[in-house]
Amino acid sequence: MTLDIARIRKDFPILDQQVYNKPLVYLDSAASSQKALSVLKKEEQLHLEYYGNIHRGAHFMADQATNDFEAVRDLTKDLLGANSREEIIFTKGTTESINLVAFSFGEAFVNAGDEIIVSEMEHHANIVPWQLMAARKGAKIVVLPFDDHGRLEIEKLDELMTSKTKLIAVAHVANTLGTINPVKQIIAKAHQAGVKVLVDGAQAISHLKVDVQDLDADFYVFSAHKMYGPNGVGVLYGKKELLNQMPPYQSGGEMISEVTFQKTSFNELPYKFEAGTPNITGVIAFGEAIRYLQSLAMDEVAAYEHQLLEYATQKMNEIPGMLIFGTQKEKSGVITFNIEGIHPFDLGTMLDKMGIAVRTGRLCADPVMDHFQQPATIRVSFAVYNTLEEIDQFIEALKKLVAMLS
Ligand code: PLP
């Protein structure tokens with residue numbers, strides 16, 4: 001292991017502070033990770049030195065901003081192992097990327113009576129856009145279930161996929177269960193039946209090595225704010241031949257090639273899907289988040305986070321009444337749990353007062369909560385900057401609270 005976690009933590013100065021007079025233990029990176037210093041510095045540098053609107057070529061600063069913005073498209077292409085830069089569309093986040101595909105893919109390829117398969121463990125962002133599209137097109141949502149360990153029952157795809165199935169929407173890593181889904185296998189199965197696949201990579205991109213060509217994903221989406229980058233930036237990767245057949249999602253400046261009052265012709269990829277002034281600062285700063293991730297060996301990041309996961313799981317299982325939701329072997333650094341007889345909101349609030357930042361609630365995944373019949377849960381999630389000592393602090397706090405609240 002060559003990852004130097006003490007060194008890495010210096011890149012996230014926000015972590016080195018006290019809240020309520022207790023050392024901060026940040027265990028909510030699945031909701032949003034903290035931002036690397038290089039990302040913050042880039043935002044500042046852009047605003048102090050060369051900010052201008054992009055793609056207008058109007059002056060020196062606009063040119064420089066345009067060059068940097070487009071260089072991040074190349075960086076993103078390399079990060080994902082995509083075939084071409086035209087396949088990288090900048091959005092404001094995973095949610096917008098999925099809405100874009102649901103709308104435009106729906107317009108191009110989905111007809112009344114068609115079916116979209118959505119896994120039971122999806123975040124609401126990968127459910128609701130498909131429902132809206134299905135309602136508009138007269139299509140139907142079909143659910144791919146998971147078992148009580150949080151394993152997606154992919155063998156059921158054989159019966160669920162029919163001649164009417166157009167697309168499967170599935171998370172690479174589930175935000176509640178932490179399950180790492182066998183997306184390569186799912187995609188291969190889907191493609192045999194002529195079905196396209198959208199992979200929601202929001203919880204995978206900063207934890208696993210992703211290669212969209214190796215996966216053969218048709219669409220792969222994620223958000224920068226979960227990968228040490230800025231808010232308000234997301235990526236849609238889509239295969240060129242599909243994106244070319246899909247109509248624009250939003251319209252306005254930048255996405256056109258020529259406009260008259262009689263007729264508008266659209267710009268080429270990727271600009272066809274990037275209407276209006278984008279998040280210039282965010283995208284340029286996102287480039288630093290990619291560089292940061294690329295400076296870490298992803299295999300080592302995954303191994304280290306797995307060590308945190310195993311250590312925390314083992315310690316948590318020693319606590320009486322512990323219920324962990326998602327116990328698959330192939331699991332990322334996310335633990336969703338409850339403790340029998342204790343309300344998750346009480347526990348979450350009191351953990352916060354002890355300096356431990358966790359997520360409580362339904363985790364934007366009502367179907368997962370319903371599967372386990374839980375009104376709400378607590379989630380801890382790990383990133384490369386977390387330490388075994390922080391897990392000890394969390395466990396110690398948890399034990400104290402359980403003794404107090406039981
Ligand atoms: N998909 C998954 C798996 C997520 O975990 C999240 C956010 O938590 C989203 C989608 C939505 O991401 P965003 O809010 O950045 O659009």
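The lining of the largest cavity comprises five nonpolar residues, four polar residues and no charged residues. The model is a predicted one. The residues that line this cavity are Thr-176, Leu-177, Phe-325, Thr-336, Val-368, Met-369, Phe-372, Gln-374 and Thr-377. The space within the largest cavity amounts to about 40 Å³.

Over the whole structure, the search finds two cavities of 30 Å³ or more. Three of the residues lining the second largest cavity are nonpolar and six are polar, while no charged residue is present.

## Domain arrangement

The domain assignment gives domain 1 as 5-30 + 298-405 and domain 2 as 40-294. The contact involves 31 residues from domain 1 and 29 residues from domain 2. Taken over C-alpha atoms, the centres of domain 1 and domain 2 are separated by 28 Å.

## The interface between the domains

The size of an interface is often expressed as the accessible area lost when the parts come together. Between them, domain 1 and domain 2 bury about 2500 Å², with 56% of this area on carbon and sulfur atoms. In domain 1, the residues that lose the most area to domain 2 are Met-298, Gln-328 and His-371, which together account for 23% of what that side buries.

Polar contacts link 17 residue pairs between domain 1 and domain 2, counting pairs with both residues at pLDDT 80 or more.

Key:
Residues numbered from 1 in each chain as written. Predicted model: local features only at pLDDT ≥ 70, side-chain atom pairs only at ≥ 80, totals over all residues. Heavy atoms only, no water. 1 Å grid on protein atoms, 1.4 Å probe; cavity = no way out; pocket = protein on both sides within 12 Å on 5 of 7 lines; lining within 4 Å. Points joined across faces, edges and corners; volume = space filled by probe spheres on them. Nonpolar A, V, L, I, M, F, W, Y, C, P; charged D, E, K, R; others polar. Domains from an automatic or database assignment. Contact = heavy atoms within 4.5 Å. Buried area = accessible area lost by both parts, 1.4 Å probe. Polar contact = N/O pair within 3.5 Å; in protein donor to acceptor, adjacent residues only side chain to side chain.
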